[in-house]
Amino acid sequence: MQYIKRVSYQGFLAHTVIYPAPAIGNSTKKKPRSLPITQQQRAANRKRSLAQLQGLIMANFVPREDLFVTFTHKAGTREEEARKAGDNLLNNLRAWCRRNGRELRYIKITEKQGQWHHHFILSHIPLEVLQKYWGKHRGRVSFSPLDDSQGYFDLTNYLLAEEKESRAGTGKNALRPRRKNEKAWTCSQGLALPPETVRVLDRPPRKKPVAPAGYQVVEGSREEYDSRFGRVISYTSQWIGPGLPKVYQRAQKRLTKRAAKQKNKERLQC
């Protein structure tokens with residue numbers, strides 16, 4: 001049996017997953033899932049979602065330049081009203097960016113815990129513009145410069161938390177569970193995907209984890225569990241080289257250059 005080795009680079013971490021691939025060279029259709037998702041698989045899926053979101057932020061946003069913004073609805077807002085308001089907000093921000101020659105990059109998470117609210121990772125837009133298009137009648141706007149501490153680990157854990165500690169409970173403040181097949185987040189088109197490498201292995205993987213160049217395997221990160229096709233192995237490696245990981249240096253240079261160009265353009269317009 002052949003195996004797939006997939007290495008995803010998220011922030012300062014590289015997540016490696018090695019899993020059996022019995023369908024390679026087989027044109028038969030994949031059978032529908034018949035077994036329930038195990039607790040281990042659920043934990044692995046959450047870990048993968050966190051890693052994907054970390055990498056998406058790192059590859060597309062500039063720390064301390066772009067924004068983390070939360071738009072909160074007033075009490076009593078229904079779900080359909082909240083989602084429609086979020087869509088209207090995005091349409092207005094797109095129109096404003098077109099008029100001002102800007103590119104709108106965003107990642108949006110809509111959830112209800114306490115009140116309905118929208119979390120945005122957003123390319124820089126002046127606060128007065130955000131407040132104008134959200135409107136005081138809808139609720140409050142809170143924002144902060146994007147903080148890249150620990151490769152956005154704390155931020156992504158907060159955004160994808162199953163239950164916020166300050167709101168934990170089973171009453172009216174409990175987090176609304178995500179529906180089956182509901183996306184954890186939505187994002188603007190054209191965002192650069194987190195760097196990833198995929199290799200096909202013709203033999204079972206080595207017992208000892210091997211880190212990518214410039215990385216070191218995190219002690220105790222190796223995990224194994226059985227899928228319906230066979231044994232799955234995963235582990236995490238930490239960047240130990242100077243500065244940013246090489247796979248992200250080019251992306252950050254491009255983003256920083258784009259931000260400087262936008263500032264010069266605005267300065268000339270003034």
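A salt bridge is a side-chain nitrogen of Lys or Arg within 4 Å of a carboxyl oxygen of Asp or Glu. Keep that in mind as we walk through this predicted model, in which local features need pLDDT of at least 70, side-chain atom pairs count only at pLDDT 80 or more, and totals for chains, interfaces and linings use all residues. Residues are numbered from 1 along each chain as its sequence is written, and side-chain values use heavy atoms, with hydrogens and water left out.

Let us start with the whole chain. Its secondary structure comes to 5 helices and 11 strands; helices (H or I, at least four residues) and strands (E, at least two) are DSSP runs, numbered from the N terminus. Of the 270 residues in the chain, 41% are buried, where buried means under 20% relative accessible area, exposed over 50%, and partly exposed in between (1.4 Å probe, protein chains only).

Now to the charged pairs. Side chains of opposite charge can pair when their charged atoms come close. The whole structure holds 10 salt bridges. One of them joins the side chains of Asp87 and Lys108, at 3.7 Å from N to O. This pair links distant parts of the chain, since Asp87 lies in helix α2 and Lys108 in strand β4, 21 residues apart. Asp87 counts as partly exposed because its relative accessible area is 41%, whereas Lys108 counts as buried because its value is 10%. Leaving out residues up to four places away in sequence, Lys108 touches several others, including Gly86, Leu90, His119 and Trp185; contact here means heavy atoms within 4.5 Å.

Arg83 is partly exposed, because its relative accessible area is 28%.

Within it, the side chains of Asp226 and Arg231 meet at 3.0 Å, N to O. Asp226 is exposed, because its relative accessible area is 54%, while Arg231 is partly exposed at 38%.

Ser227 sits in the loop between β10 (223–226) and β11 (231–239). With 25% relative accessibility, Ser227 is partly exposed. Ser227 and Gln40 are 187 residues apart in sequence, but 9.7 Å apart in space, C-alpha to C-alpha.
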